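Work through the exercises below with the sequence and the structure in view. Try each task before reading its solution.

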Amino acid sequence: MTKLRRLVFFSPMGGTQKTLHDLKTVITLLQHPQILSELDRVLILHDESTHGNAKSLAIQVSRLVSTNPDVQLHSLPNMNALMDNEIVTPLQNDDIILASGSGTHLGLILHNLKTNSQLIGKSLVLVHPRPNGVSLGVYNYKISFDEITVEKKDIQHPNPVQSLRSVLEESDAEIGEVYPRNDTLSQEYRRMIELESQQSAEDFRELLMSHYRISIERAGAKMEVIAGALLSSMYSNFTEIYGNVLFSKRDDTLKFQEEDMLAMLTNGDIIWFSSKYSIQSGIINHERQRLLAKLPINFPDKRIHRVILTFSEMAERYSQSEGGVVITGLASLHSTLAQFIERT
Amino acid sequence: MVQKTLIFASGISFGNTCQIVQTAIASNLFSAVKILSSPQTQNINRHLVSMFNAKNTDFSLQSIPLNDFINNPAEFLSTSEELNFLIGPSTVENQLETFAALCAINPPRMWSVFEKRTKSGISTREFRSFDVKDSVALVEISSDEIHRMLPSPVSSLLREHGIQWESSTSRFNYHINFDSMRGNTPHRQRKWEQKQYATINQLREHLGIHGLIITHSPLPNHWQKQDGTLRRLSARQIREVSK
């Protein structure tokens, strides 16, 4: 018989997209043979500062579940007062709890497992989506009078891919270009990539300028177009590819940061591409340093891969992944992507 | 008498680990502390334990490899001990694994480093038990003391980069002063920015992201690249202060 469960989570302080994605994961997880259950209720724990997010998530989570669950909100003291008095969280038998919120919130849940007498004889599940996006830690707590038995399962992530658009929109980023799926790369571009890999950067740039009758300034832009076409032809590795992504920052006198391309791989990781078609090593070095910084998005940094696209001759001067930034020519892009996808 | 043991999985921030240990000893609430160390923190925690044990002979302080502890907690704890688990440092996964391992011996009493924040910053930092029966102000560690505790290569690295210890927040502070580049060419400014990046990354490896505060002086008018990468890309991680 399918077990009826209640989903419990803390409303987040910042954006809601990460929590929403985690909720989708937990909902998908309910179909797992070892957990098999149906969601009939949802409890959102929040404080004054997260009440707005809780209300928004209440609407969104109802839409995710076809069983029309009863969604309740439960108010907690704010962070400054969270440990002024002992708090009994309204946990119940068979609750499935998402490990969200702050460390203190997690501590509060674990404290309640030990001290809440209402939970004696009950069992609860806590789901922790690991930051690597590959797997989940699922902890089953069985509570008796004087002990807690913990059974842990590692389950492959059933829903690793978050929507890149939603991640970017949450950061108020503007998407300049959406790269479409294109199963084939034109013969002309294929030939250009081949020639580029065989020639010096300077010779190839001359060839590009004479073939397309463009200035030296436009040569880099043309290479970006070819790179975009190549990525579109590799779409089977991606779920989304966006170009000219503009981040604007509030509360700062310097407002903008524009990135050439951001793409979501099928394994849920992001690739941060920068095109640098220059023959000056200083520019590549500078870009490599720049890419060591964090993207202004709410996404685990360990799952963001940095790639500089440049002339093959320039790429060969650098080791495969110097300082965590991969520098590659277009001809080697396929093998570069494979190394990101094959990670476990 | 029942031995009261405090257990926590340590994060990379050395100052934080040091402060937790000092507070636990000074509080007289615990008779032992067990630090669970990941492969990244094992060496520095071993060093910390040897430094403490040299001067606190009546207090039991141990650094235990986290994986060994999770696989066999009974090797390190007895059922007669009162277990106190401090949540907060280290990753969520390490904390959940530690809690599960402790439950195999005895469900622990839960603690947290509790911070009260005001608009101007943190006003209170305390060790507090979730049953609210105990609360201890975190011990402030002086700059001299933290440098005595640090392994000498790390201490030298901090001195080399002029890193200050902020005892009120228990974090190290690296201050970037743009004025030092006054009169230099844009090329030199860019080189200098790159060097700053490399330094920040190196320091974070040793001190942890949470253990290091990075500040910079206001961007001066003479700065050639007003949208310089250091400031533009790190606004979320680096705050501007006048020093």
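Domain bounds come from an automatic or database domain assignment. The model used here is predicted.

**Exercise 1.** State which domains are assigned in chain A and describe how they meet.

Solution. 
1. The assignment for chain A lists domain 1 (3-156) and domain 2 (164-341).
2. Taken over C-alpha atoms, the centres of domain 1 of chain A and domain 2 of chain A are separated by 39 Å.
3. Domain 1 of chain A gives 7 residues to the contact, and domain 2 of chain A gives 9 residues.
4. On the side of domain 1 of chain A that touches domain 2 of chain A, 5 residues are polar, 1 is nonpolar and 1 is charged.

**Exercise 2.** Find where confidence is lowest and where it is highest in chain A.

Solution. 
1. The lowest confidence in chain A is in strand 13 (residues 321-322), with a mean of 58.
2. The highest is in strand 3 (residues 70-75) of chain A, at 95.
3. Where pLDDT is low, predicted coordinates should not be read in detail.

**Exercise 3.** Describe how helix 1 of chain B packs with helix 2 of chain B.

Solution. 
1. The axes of helix 1 (residues 14-27) and helix 2 (residues 42-55) of chain B lie 11 Å apart, at an angle of about 35°.
2. The crossing of these two helices of chain B is right-handed.
3. From helix 1 of chain B, B:Phe14, B:Thr17, B:Cys18 and B:Val21 meet B:Ile44, B:Asn45, B:Leu48 and B:Phe52 of helix 2 of chain B.
4. Sorted by class, this contact has 6 nonpolar, 2 polar and no charged residues.

Definitions and conventions
Residues are numbered from 1 along each chain as its sequence is written. Chains are lettered from A and ligands numbered from 1 in the order in which they are written. This is a predicted model: local features need pLDDT of at least 70, side-chain atom pairs count only at pLDDT 80 or more; totals for chains, interfaces and linings use all residues. pLDDT is the predictor's confidence in each residue, from 0 to 100. Helices (H or I, at least four residues) and strands (E, at least two) are DSSP runs, numbered from the N terminus. Axes are lines fitted to C-alpha atoms, for helices over the stretch in contact, and angles run from 0 to 180 degrees between N-to-C directions. A crossing is left-handed if the near helix is turned anticlockwise from the far one by less than a right angle, and right-handed if clockwise. Two residues are in contact if their C-beta atoms, placed from the backbone, lie within 7 Å. Ala, Val, Leu, Ile, Met, Phe, Trp, Tyr, Cys and Pro count as nonpolar, Asp, Glu, Lys and Arg as charged, and the others, Gly among them, as polar.
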